[in-house]
Amino acid sequence: MTDQELQLLVEELSLHYFELPFLHKAYFNSRLRTTGGRYLLRSHNIEFNKKSYEIFGLEELRGIILHELCHYHLHIRGRGYKHRDADFRDLLKKVGAPRFCSTIEENKKKTSSRTYIYECVECKQRYPRKKRMNVNKYRCGKCRGHLIEQITD
Ligand SMILES: [Zn+2]
Ligand SMILES: [Zn+2]
């Protein structure tokens with residue numbers, strides 16, 4: 001699916017389910033990782049995760065579009081557009097949109113298994129740790145050198 005096809009689909013669903021036009025831009029953003037879509041408050045554009053579509057298919061994408069359009073239409077009309085707002089919940093129900101979008105499994109795993117890497121400045125020995133540690137309190141087990149935290153994502 002291209003950005004143009006996505007744009008058309010969003011416009012179509014907006015008219016069909018909300019009876020209101022979608023007047024901004026919809027496009028895929030490859031940097032989105034943990035969510036299926038994201039409504040941008042400043043530009044009013046909506047970004048979508050192509051992986052959601054590739055992994056879960058068109059039905060999932062339609063659900064994500066409807067969910068994001070709920071944020072969009074409520075925000076533009078100055079209504080409660082946040083997940084906790086009653087306006088938002090009511091509109092989700094009305095159009096049959098999912099409350100939350102399926103998160104993408106491989107990314108979910110990545111974040112839950114996050115590790116901190118500590119490296120000895122002297123001998124370069126690396127120490128992966130589940131929890132963050134105080135580098136001022138610990139030294140390298142091999143050479144007693146200082147440890148530094150490596151930046152990981
Ligand atoms: Zn949302
Ligand atoms: Zn060392």
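The secondary structure of the protein chain comes to five helices and six strands, where helices (H or I, at least four residues) and strands (E, at least two) are DSSP runs numbered from the N terminus. From the N terminus on, these elements run α-β-β-β-α-α-α-α-β-β-β. This is a predicted model, in which local features need pLDDT of at least 70 and side-chain atom pairs count only at pLDDT 80 or more, while totals for chains, interfaces and linings use all residues. Residues are numbered from 1 along each chain as its sequence is written, chains are lettered from A and ligands numbered from 1 in the order in which they are written, and side-chain values use heavy atoms, with hydrogens and water left out.

**Chain as a whole**

- Of the 153 residues of the protein chain, 35% count as buried; buried means under 20% relative accessible area, exposed over 50%, and partly exposed in between (1.4 Å probe, protein chains only).
- The protein chain exposes about 10200 Å², and carbon and sulfur atoms supply 50% of that area. Accessible areas come from the Shrake-Rupley method with a 1.4 Å probe, and for residues only the protein chains shown count as cover.
- Among contacts in the protein chain with a separation of 6 or more, 44% are between residues 24 or more positions apart; contact means heavy atoms within 4.5 Å.

**Zinc ion (ligand 1)**

- The protein donors of the zinc ion (ligand 1) are His 67 (NE2), His 71 (NE2) and His 83 (NE2), lying 2.1 Å from the ion. Donors are N, O and S atoms within 2.8 Å of the metal (3.2 Å for Na, K and Ca), and water is not among the atoms, so sites may look incomplete.
- Along the chain, the donors of the zinc ion (ligand 1) follow the spacing H-x3-H-x11-H.
- His 67 counts as buried at 3% relative accessibility, whereas His 83 is partly exposed at 31%.

- Cys 123, in the loop between strand 4 (116–120) and strand 5 (126–129), and Cys 140, in the loop between strand 5 and strand 6 (147–150), are a pair 17 residues apart that links distant parts of the chain.
- Cys 123 is partly exposed at 33% relative accessibility, and Cys 140 is buried at 0%.
- The loop between strand 4 and strand 5 also holds Lys 124, whose phi is near 65°, a positive value in a residue other than glycine.

**Nonpolar cores**

- The largest nonpolar core has 24 residues, of which Leu 6, Val 10, Phe 48, Ile 65 and Leu 69 touch the most other members. A nonpolar core is a set of buried Ala, Val, Leu, Ile, Met, Phe, Trp, Tyr and Cys residues joined through side-chain atoms within 4.5 Å.
- Helix 1 (3–18), strand 1 (26–28), strand 3 (46–48), helix 3 and helix 4 each supply at least two residues of this core, and helix 3 gives the most, with eight residues.
- Apart from this core lies another, of seven residues, among them Tyr 116, Tyr 127, Met 133 and Leu 147.
- Val 10 is in helix 1 and counts as buried at 0% relative accessibility.
- Leaving aside neighbours within four places in sequence, Val 10 is in contact with Phe 22, Ala 26, Phe 48, Ile 65 and Leu 69.

**Aromatic pairs**

- A search of the whole structure finds two aromatic pairs. Rings of Phe, Tyr and Trp (its six-membered ring) pair if their centres lie within 6.5 Å; planes under 30 degrees apart count as stacked, over 60 as edge-to-face and the rest as tilted.
- The rings of Tyr 39 and Tyr 72 have centres 5.9 Å apart and planes at 90°, so this pair is edge-to-face.
- Tyr 39 lies in strand 2 (residues 37–39) and Tyr 72 in helix 3, so the pair ties together parts that are 33 residues apart in sequence.
- Ring pairs link Phe 22, Tyr 39 and Tyr 72 into a cluster.
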